[in-house]
Amino acid sequence: MARVFVTRKLPGDALDRLRAEFDVDVWGLDRPPSKAEIIERIGDVEGLLCLLTERIDREVMDAAPRLRAISSYSAGLDHIDLEEATRRGIIVSYTPGVLTEAVADLAWALLLSVARRIVEADREVRGGGWRVGWHPTYMLGSNVYGRTIGIVGMGRIGTAVARRARGFNMRILYYSRSRKPEVERELGAVFVGLDELLKEADYVVLSVSLNRETYRMIGERELRLMKPSAYLINISRGAVVDTEALVKALKEGWIAGAGLDVYEEEPLPKDHPLTRLRNVVLTPHIGSATREVRERMAEIAVENLVRSLRGEMPLYPANPEVLVSG
Ligand code: NAP
């Protein structure tokens with residue numbers, strides 16, 4: 001029976017299905033295993049089911065000479081050295097798609113929260129700061145309806161964010177690696193260069209995948225291009241933004257505010273400069289965190305691994321060429 005290592009307990013009963021076919025070892029703690037702990041457990045595994053909190057690099061693969069399949073419980077793949085896995089003939093799969101709408105909802109929750117100061121307003125009510133009843137200049141935010149949204153990375157999530165923007169009668173600009181004629185037709189989205197998008201948009205939403213080109217693609221220069229009245233929403237990966245530059249931008253008013261779900265360092269330290277700013281709304285990487293989505297992700301991650309270990313194509317392969325050529 002092939003051995004499989006799973007780096008965390010998953011919601012729902014998907015792991016039972018895995019146990020029915022394989023000898024399954026599940027990491028039992030709530031914190032992620034360290035690299036050394038993973039290496040210690042995977043000497044004879046053929047399958048690995050991991051999360052985005054585990055960096056699966058050459059060193060980890062070296063420690064598992066029998067590894068044939070990696071199934072990631074995530075939509076991003078930046079934590080896995082995909083090139084190295086492909087070189088070794090290891091099929092890698094992941095769970096995009098099922099979380100698209102939930103993440104787009106969270107992007108909008110952040111956008112509306114920061115534009116209308118919902119978190120600050122809640123604190124005012126609870127903390128006794130609401131002293132004058134209705135006041136013409138109290139807690140003023142920014143309009144959303146009819147404004148311009150700029151989507152950086154018009155993939156699954158970017159498109160779902162854009163669909164919601166239609167309901168707010170927004171002008172939709174986007175920048176992506178490639179043009180999306182179908183999105184342009186369906187949503188009236190306009191393809192522009194990144195600089196133009198940053199200069200024009202009232203709300204910039206980052207929904208790119210993290211890779212060599214998108215690493216810190218939003219730095220000081222880009223933040224200075226944005227309007228002082230504009231907001232930045234990041235639901236992609238923290239490392240797409242230069243955090244230090246963002247803190248400066250928020251402190252010095254180059255931009256009006258930010259809504260962030262992802263950070264260069266996770267968990268974000270309690271005393272991080274971002275936590276001391278009023279014009280940011282911070283969520284702890286919960287884009288896909290609905291009960292339904294997390295259970296469905298578990299089912300798909302398990303299905304991907306079962307298929308991969310049987311030598312079949314997983315539902316969402318990241319390097320299908322491994323099976324096609326192998
Ligand atoms: P996707 O469909 O692959 O979309 C990614 C988009 O990024 C694609 O449109 C791609 O452009 C674009 N892109 C990649 N590299 C680029 C570059 N160098 N310049 C410009 N655009 C570039 O993925 P998705 O399902 O929408 O997910 C997007 C990302 O969201 C994931 O990779 C993950 O990191 C993040 N995510 C976060 C959460 C959360 O909890 N906050 C949850 C799920 C996912 P092309 O289409 O032209 O290739």
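Predicted model: local features only at pLDDT ≥ 70, side-chain atom pairs only at ≥ 80, totals over all residues.
Leaving aside neighbours within four places in sequence, which residues is V204 in contact with?

## V204 and strand β9

V204 sits in strand β9, which covers residues 203-206. Leaving aside its neighbours within four places in sequence, V204 is in contact with G150, V152, L197, L198, M226, Y231, L232 and I233. I151 is a further residue to look for here: V204 and I151 are 53 residues apart in sequence, yet 6.0 Å apart in space, C-alpha to C-alpha.

Is V204 buried or exposed? V204 counts as buried because its relative accessibility is 0%, and the cut-off for buried is under 20%.

The protein is divided into domain 1, made of residues 3-96 and 291-325, and domain 2, residues 100-282. Taken over C-alpha atoms, the centres of domain 1 and domain 2 are separated by 32 Å. Seven residues of domain 1 are in contact with five residues of domain 2. The area buried between domain 1 and domain 2 is about 520 Å², and carbon and sulfur atoms give 47% of that area. On the domain 1 side, L52, D78 and P96 supply 62% of the area buried against domain 2, more than any other three residues.

S74 lies in the loop between β4 and α4, the latter being residues 82-87. With a relative accessibility of 2%, S74 counts as buried. The side chain of S74 reaches the backbone oxygen of G76 at 2.7 Å. Apart from neighbours within four places in sequence, S74 is in contact with L52, H79, Y94, T95, P96 and M297.

S93 belongs to strand β5. S93 is buried too, with a relative accessible area of 0%. Not counting residues up to four places away in sequence, S93 touches I70, S71, S72, N304, S308, P314, Y316, P317 and A318.

N304 and S308, both touched by S93, are among the buried residues of helix α12. That list also includes V293, M297, A298, I300, A301, V302, E303, L305, V306 and L309. The cover over the buried residues of α12 includes β1 (3-6), α1 (14-21), β3 (47-50), β4 (69-72), β5 (91-93) and α5 (100-115).

How far apart are the end C-alpha atoms of α12? They are 27 Å apart, and this agrees with the 27 Å that 19 residues, 291-309, should span at 1.5 Å a residue. After α12 comes G311, whose phi is positive, near 85°.

Helix α5, one of the elements covering α12, is itself mostly covered, with twelve of its 16 residues buried. The buried residues of α5 include W108, L106, L110, L111 and V114. At 1.5 Å a residue, the 16 residues of α5 should span 22 Å, and the end C-alpha atoms are 23 Å apart, which agrees.

Just after α5, R117 takes a positive phi of about 55°, although R117 is not a glycine. R117 is placed in the loop between α5 and α6, residues 118-127. With a relative accessible area of 21%, R117 is partly exposed.

## Other backbone details to look at

R216 is another non-glycine residue with a positive phi, here about 50°. R216 is found in the loop between β9 and α10, residues 220-225. At 37% relative accessibility, R216 counts as partly exposed.

Which way does the peptide bond from E266 to P267 go, cis or trans? The bond is cis, with omega near -5°. P267 is in the loop between β11 (257-260) and β12 (280-282).

Key. Residues numbered from 1 in each chain as written. Heavy atoms only, no water. Helix = DSSP H or I, 4+ residues; strand = E, 2+ residues; numbered from the N terminus. Expected span 1.5 Å × (residues − 1). Buried < 20%, exposed > 50% of the residue type's maximum accessible area, 1.4 Å probe, protein only. Contact = heavy atoms within 4.5 Å. Domains from an automatic or database assignment. Buried area = accessible area lost by both parts, 1.4 Å probe. Polar contact = N/O pair within 3.5 Å; in protein donor to acceptor, adjacent residues only side chain to side chain.
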